[in-house]
Amino acid sequence: MARTYNICSPHVQGVGAHRTSPRLSREQVATNERVDNVRIMPLALGASGLPRAAVVIMKLWDNGKRLRVKFLDGVPEVQNKVAAIAKEWEDVANIAFDFVTGAAEIRVSFAEKGFSWSAVGTDALTVQSTKPTVNFGWLDPNTSLREYQRVVRHEFGHTLGMIHEHQNPAAGGQIPWDKPKVYIYYAQQGWSHDDVDTNIFDVYAEDSTNHTAFDPTSIMEYAIPDSLTVGSYAIGWNTTLSQADIDFMRRQYPEGSPGTVELIVGGARTSADLSVGGEVDTYHFDVPAAKMHIMTTEGPSDTVLTLHGPNDPGAVLAWDDDRGTGLNARIVRKLAAGSYWLSVRHKSPAGTGEYTIGVKAQR
């Protein structure tokens, strides 16, 4: 399910307040930013006996990117507190926030009072350049440090591509919501039934996000009072990043990843290393004329290889798990002239290891 904003206010909601009609879809924007925002996850064999795969859609920024952040309004004292806490994410993810006064991908406002929300990851690129992508509607010079930490860490988690934890696919059925009471509670905050369904009850589809097991201690989790659940179940306000938050984001933005690497068709094989679980390595190569091509990984690692293109990193042409030597991947396909991308990941979510990759054209 696609969203432009995740709203995080415990009081009122502001979804859609600054939506635009982008020329590109959010999925196209995401894959133009980072090829591995489209990921192929092999599944068990289907009833036909053929291998199946799930397409995972992410909204991550290019690994190692320096994101420009601009304050559209607000007082310096509040701006400085927000900037300092936002930059804590730099210790977790291989990303940087550069606070600027000119053009910026991330634009922060305090103008919409009572509202707290953020565009999710690359969705920020679909927002008009004069409009905010993040809003902090109740932070002021007298707000407690604990509240600054809770709200800023949460919203900038969205900025980096994280979703609400209670909408994690793994959360389905784990929170015993008392739905009639939830509707009444949020109606008092100005929410409609649709608002509650969209931001509380609906979980993301398995094929629309990457996720871990449900983590009630995540900075991305709402507080859930016992009065809104059946039986005895409650979650307090989380103000710090959980260990699962840290581990997850380090896998999405791994330190030392080379970014997109150029491959030469028919050239020497490129050596690489999947150094952390969940890492995805990406490659680009050009095809000058239509011809059959062979793309392979070699080495001791159980790799999954995905081919994207032509000229569109969001278009998945083919994927393979074990058609190569041993546990390696092999794709053989006639390619038209154009630009292509390859992405490589370990079949095991926690798997690491070395491999080589190469592309050659058949004569």
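# A quick tour of the chain

Buried residues make up 52% of the chain's 363 residues. Keep in mind that you're looking at a predicted model.

**The whole chain**

- Take the contacts with a separation of 6 or more: residues 24 or more positions apart account for 73% of them.

- Phe99 sits in strand 5, which covers residues 96-100.
- Its relative accessibility is 28%, so Phe99 counts as partly exposed; that value falls between the 20% limit for buried and the 50% limit for exposed.
- Leaving aside residues up to four places away in sequence, Phe99 touches Val69, Phe71, Ala83, Ala86 and Lys87.
- Pick out Lys87 from that group: Lys87 and Phe99 are 12 residues apart in sequence, and their C-alpha atoms are 9.7 Å apart in space.

- For Asp123, look in the loop that runs between strand 7 (116-119) and strand 8 (134-136).
- Asp123 counts as buried because its relative accessibility is 0%, and buried means under 20%.
- The side chain of Asp123 is joined to the side chain of Lys59 by a polar contact of 2.9 Å.

Terms used: Residues numbered from 1 in each chain as written. Predicted model: local features only at pLDDT ≥ 70, side-chain atom pairs only at ≥ 80, totals over all residues. Heavy atoms only, no water. Helix = DSSP H or I, 4+ residues; strand = E, 2+ residues; numbered from the N terminus. Buried < 20%, exposed > 50% of the residue type's maximum accessible area, 1.4 Å probe, protein only. Contact = heavy atoms within 4.5 Å. Polar contact = N/O pair within 3.5 Å; in protein donor to acceptor, adjacent residues only side chain to side chain.
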